[in-house]
Amino acid sequence: MNTPIDWLIARPIAHRGLHDKTRGVVENTASAFAAAIAGNFAIECDLQITADGEAAVFHDEKLERLTESMGLVKDLTAAEVTRLTIRNSKDRVQTLVSLLQQVDGRVPLAIELKTHWDGSTALAQRALDVLRNYHGHYCLMSFDPDVIEFLRLQSPRTIRGIVADRATEQYYNMLPPKRRLELRTLSHLARTQPHFISFYMRDLPFAAITELRSAGTAVISWTIRSPAQAAMALRHSDQITFEGFSP
């Protein structure tokens with residue numbers, strides 16, 4: 001799909017913000033996003049749905065890796081989630097609303113919608129609602145084709161992308177065989193019609209991705225952790241999502 005998205009691939013994308021835990025700057029926090037803005041990098045971040053339908057900036061379904069609490073993000077209200085301090089930092093969990101206030105259009109946002117693979121579009125709808133009057137560049141993306149199809153139908157002008165790999169990891173075994181096949185072959189593209197693909201660097205080159213890129217679809221690679229990986233990834237993609245070094 002040849003929609004102009006030069007702003008998305010114009011600069012490297014800081015994975016979950018420009019984080020460095022040794023300096024107390026943890027992924028998906030206001031500190032990490034501030035560092036990315038200071039470095040003039042685009043920002044990749046993750047959203048989870050809360051019990052009351054808010055979009056929280058948080059990668060994991062479970063709380064324990066990143067906070068001192070236990071349980072699931074989706075079982076807490078936004079008020080409860082945003083009271084939690086991120087482990088090894090001074091930051092608290094943000095909402096999408098507060099993230100947008102912080103970034104204020106200064107750098108592009110690549111926002112991943114986390115999925116429970118249950119057909120729910122509540123998080124996607126909340127993201128659209130919050131972003132409706134945002135003046136900066138942003139896109140929404142997900143591993144879940146159902147979410148991206150919803151975005152296409154509900155808000156066709158919103159830049160949308162599929163996050164993907166070859167879908168061979170054990171994680172995918174929880175999904176029905178038909179869904180796993182769809183992810184492995186990218187056969188959902190007729191219904192998702194993404195503006196870009198965000199693809200796992202270690203699974204490149206991949207013939208289907210090479211073909212899409214040749215046809216004009218932008219390809220971003222993730223997650224790049226060294227200059228050597230960046231050089232390899234940029235042979236097969238248009239931009240990198242990076243962490244742990246300065247590209």
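**Figure 1. Strand β9, helix α10 and strand β10 form a right-handed β-α-β unit.** The model shown here, and in every view below, is predicted. Strands β9 and β10 pair in the parallel sense. Three bridges join them. Within this pairing, Ile-224 stands opposite Phe-242 of β10.

**Figure 2. Strand β9 also pairs with strand β8.** Strand β8 covers residues 196-200. It runs parallel to β9, and five bridges connect the two. Look for Ile-197, which sits opposite Val-219 of β9. Here too there is a right-handed β-α-β unit, made of β8, α9 and β9. How many of the seven residues of strand β9 are buried? Seven of the seven are, so the rest of the structure largely encloses this strand. Strand β9 spans residues 218-224.

**Figure 3. Helix α7 has a buried face.** The helix runs from residue 177 to residue 185. Which of its residues are buried? They are Arg-179, Arg-180, Glu-182 and Leu-183. Seen down the helix axis, these buried residues fall within an arc of 160 degrees, so they line one face of α7. They pack against two other helices, α6 (145-154) and α8 (189-192). The face turned away from the buried side carries Pro-177, Lys-178 and Leu-181, which are exposed. Just past the end of α7 comes Leu-186, with a positive phi of about 60 degrees.

**Figure 4. A salt bridge joins Glu-54 and Arg-126.** Side chains of opposite charge can pair when their charged atoms come close. In this pair, the N to O distance is 2.8 Å. The partners come from distant parts of the chain, 72 residues apart. Glu-54 lies in the loop between β2 (42-49) and β3 (55-57). Arg-126 belongs to helix α5, residues 122-131. Are the two partners buried or partly exposed? Glu-54 has a relative accessible area of 13%, so it counts as buried, the cut-off being under 20%. Arg-126, at 25% relative accessibility, is partly exposed.

**Figure 5. Asp-238 and Arg-213 form a salt bridge between a loop and a helix.** Their closest N and O atoms are 3.2 Å apart. Asp-238 lies in the loop between α10 (227-233) and β10 (239-242), while Arg-213 lies in helix α9 (residues 207-214), so the bridge ties together parts that are 25 residues apart in sequence. Asp-238 is partly exposed, with a relative accessible area of 27%. Arg-213 is partly exposed as well, at 27% relative accessibility.

**Figure 6. Arg-132 and Asp-129 make a salt bridge.** The closest N and O atoms of this pair are 3.3 Å apart. Arg-132 is exposed, with a relative accessible area of 53%. Asp-129 is partly exposed, at 32%. How many salt bridges does the model hold? The count comes to 18.

**Figure 7. The largest nonpolar core has 50 residues.** Which members touch the most other members? They are Ile-43, Leu-47, Leu-96, Leu-113, Leu-131 and Ile-209. Helix α5 supplies the largest share of this core, six residues. Take Leu-96 as an example. Leaving aside residues up to four places away in sequence, Leu-96 touches Leu-47, Ala-55, Val-57, Ile-111, Ala-127, Val-130 and Leu-131. There is also a second, separate core of 20 residues. Among its members are Trp-7, Met-141, Ala-167 and Ile-220.

**Figure 8. Ala-38 is an exposed residue of helix α2.** This helix covers residues 30-38. Ala-38 has a relative accessibility of 70%, so it counts as exposed, the cut-off being over 50%. How far apart are Ala-38 and His-137 in space? From C-alpha to C-alpha, the distance is 17 Å. Along the sequence, Ala-38 and His-137 are 99 residues apart.

Note on methods
Residues numbered from 1 in each chain as written. Predicted model: local features only at pLDDT ≥ 70, side-chain atom pairs only at ≥ 80, totals over all residues. Heavy atoms only, no water. Buried < 20%, exposed > 50% of the residue type's maximum accessible area, 1.4 Å probe, protein only. Helix = DSSP H or I, 4+ residues; strand = E, 2+ residues; numbered from the N terminus. Arc of directions from axis to C-beta. Contact = heavy atoms within 4.5 Å. Salt bridge = Lys/Arg side-chain N within 4 Å of Asp/Glu carboxyl O. Pairing = 2+ DSSP bridges. Right-handed = clockwise from strand over helix to strand, strands pointing away. Core = buried A, V, L, I, M, F, W, Y, C linked by side-chain atoms within 4.5 Å.
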